[in-house]
Amino acid sequence: EVEPAGLADTEARILFVNVHSLLRPDVAGHSIDYIAETAHHEVFHLLDFPAGSHRADLEWDQLNPNGFVYGRKDRRPFGFVNAYAATNAGEDRASTFAFLMARGQELCDLAMVDPTLLAKARVVWRRIASVADPAFLRAGVSCAGDLD
């Protein structure tokens with residue numbers, strides 16, 4: 001079994017980052033960028049708790065393609081930043097935020113050819129912009145004007 005890179009305990013309001021897992025040189029993709037992505041992903045779980053994976057989020061669910069069912073996927077489905085985002089709605093939102101913060105250009109590139117993902121990025125942007133400085137959010141996100 002794969003060690004988790006991080007964990008957000010939303011009830012205890014605690015964030016765990018598995019530094020050992022993140023710094024393993026034998027695992028492809030475990031770089032400083034991966035650490036940043038993991039940290040943002042887990043932080044979002046703490047911010048998302050009011051609408052988190054434990055509760056219904058009808059606005060979010062309506063963005064998914066008709067007939068889509070969350071669950072493990074082998075590849076990135078249309079409307080998602082990666083395969084892991086398709087696990088459940090909470091992971092979808094957290095993964096979208098992680099891309100926004102740590103892989104902004106990649107998110108923009110995907111969103112420009114994936115209107116479902118663009119709509120999801122707009123929802124995450126709007127929710128985070130209500131508690132964060134928009135100038136901070138815009139850094140590294142070339143498509144920020146499309147997300148406002």
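**Exercise 1.** Which residues are linked in a network of salt bridges?

*Solution.* Start with the term: a salt bridge is a side-chain nitrogen of Lys or Arg within 4 Å of a carboxyl oxygen of Asp or Glu. The linked residues are Asp48, Asp57, Glu59, Arg93, Arg126 and Arg127. The structure holds 10 salt bridges.

Some notes on the model apply throughout. The model is predicted, local features need pLDDT of at least 70, side-chain atom pairs count only at pLDDT 80 or more, and totals for chains, interfaces and linings use all residues. Residues are numbered from 1 along each chain as its sequence is written, and side-chain values use heavy atoms, with hydrogens and water left out.

**Exercise 2.** Take the salt bridge between arginine 127 and aspartate 57 and describe its two ends.

*Solution.* Step one is the distance: 2.7 Å, N to O. Step two is the location. Arginine 127 lies in helix α6 (residues 115-129) and aspartate 57 in the loop between α2 and α3 (58-61), so the pair ties together parts 70 residues apart in sequence. Helices here are DSSP runs (H or I, at least four residues), numbered from the N terminus. Step three is accessibility, where buried means under 20% relative accessible area, exposed over 50%, and partly exposed in between, with a 1.4 Å probe and protein chains only. Aspartate 57 is buried at 7%, while arginine 127 is partly exposed at 22%.

**Exercise 3.** How do α4 and α6 pack, and which residues make the contact?

*Solution.* Two packed helices are described by the angle between their axes and the distance between the axes. Axes are lines fitted to C-alpha atoms, for helices over the stretch in contact, and angles run from 0 to 180 degrees between N-to-C directions. For α4 and α6 the angle is about 80° and the axes are 10 Å apart. The two helices are therefore roughly perpendicular, a term for angles of 65 to 115 degrees.

Contact means heavy atoms within 4.5 Å. From α4 come Asp92, Arg93, Thr96, Phe97 and Leu100. The residues of α6 include Leu117, Trp125 and Arg127.

Methods
Angles under 35 degrees count as roughly parallel, over 145 as roughly antiparallel, 65 to 115 as roughly perpendicular and the rest as oblique.
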